[in-house]
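Have the structure open as you read.

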Amino acid sequence: MKRMADIGTVLIVVAALCAVSFRGFQYYDAYRKSQPQFVEDWEQYSLAGVRVGKDDAPVTVVEFLSFECSVCARAADYMLDLPNRFGDSVQVVLRNYVWSEVAENAALAWLCAAEQGRGPAMYHELFWNRDQLGQKSWTDFGAQAGVDDLDALRDCVVTRAPHQKLVADTIAAHALQVAGTPTFLVNSRKIHGFSSDSAMDSIIRQELIRARSR
């Protein structure tokens, strides 16, 4: 009986140690994820995409997005408004990271609209009518976004003309180890997700200070 009791005690101690170790790992993992991540070659990710703002802005915010992403939709107005919030100090570069046929077709429609100078407007329309993706025609989205040549937009989507741009975005997203959308680069600082306007403003101000101190 004593031997059984000793074994039971050992098992209890081992279980307790495992629980403590697991909890410690959880705390460490949460701490690690909360720390800023920096990407040395960040500038290469800003060379392609739909651009809003001045090219020579000291801070560039790159977003990898999907039009089916609810958090991306929540960040959409903020992203388009960044050059107004920070003036010539911030430019935005929008890139795709899609995982479904609907999101891919939406991305193609967006890039086709961007070729007619309506990229930001189409970005807004696709996000704010996200529940109609795959149901409403891309030319209807384009009309709402102010695209002039809707026939050209339709042909562009049907022929998948900007497909290589999507491929380039996907390759870039994999190189950056994007695990989900939205993922941002604020200059060299990598941000997972979007919590609030004020939190992103704070990060951008920090990067402005860093950029101006160089």
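## Ground rules

Axes here are lines fitted to C-alpha atoms, for helices over the stretch in contact, and angles run from 0 to 180 degrees between N-to-C directions. Helices (H or I, at least four residues) and strands (E, at least two) are DSSP runs, numbered from the N terminus.

Bear in mind that this is a predicted model: local features need pLDDT of at least 70, side-chain atom pairs count only at pLDDT 80 or more, and totals for chains, interfaces and linings use all residues. Residues are numbered from 1 along each chain as its sequence is written, and side-chain values use heavy atoms, with hydrogens and water left out.

## α2 against α8

Who touches whom? Contact means heavy atoms within 4.5 Å. From α2 come Tyr78, Leu82, Arg85 and Phe86, and they meet Asp197, Met200, Asp201, Ile204, Arg205 and Leu208 of α8. By class, that's six nonpolar, no polar and four charged residues (Ala, Val, Leu, Ile, Met, Phe, Trp, Tyr, Cys and Pro count as nonpolar, Asp, Glu, Lys and Arg as charged, and the others, Gly among them, as polar).

## α2 against α4

Helix α2 (residues 70-86) also packs on helix α4 (residues 119-128), at about 150° and with the axes 9 Å apart. These two are therefore roughly antiparallel, and their crossing is left-handed.

On the α2 side sit Cys72, Ala73, Ala76, Asp77, Met79 and Leu80, which meet Pro120, Tyr123, His124, Phe127 and Trp128 of α4. The tally for this contact is nine nonpolar, one polar and one charged.

## The sheet and its helices

The sheet is open, with six strands in the order β1-β6-β5-β3-β4-β2 and mixed pairing; two strands pair if DSSP finds at least two bridges between them. At the edges, β1 (37-38) and β2 (50-52) each pair on one side only.

Strands β3 (residues 59-65) and β4 (residues 90-96) run parallel over seven bridges, and Leu65 has Asn96 in β4 as its bridge partner. Helix α7 (residues 163-175) packs on the sheet and touches both β3 and β4, its direction making about 105° with that of β4. Helix α8 turns up here too, touching β1, β3, β4, β5 (183-186) and β6 (189-192), at about 30° to the direction of β5.

Notes:
Angles under 35 degrees count as roughly parallel, over 145 as roughly antiparallel, 65 to 115 as roughly perpendicular and the rest as oblique. A crossing is left-handed if the near helix is turned anticlockwise from the far one by less than a right angle, and right-handed if clockwise.
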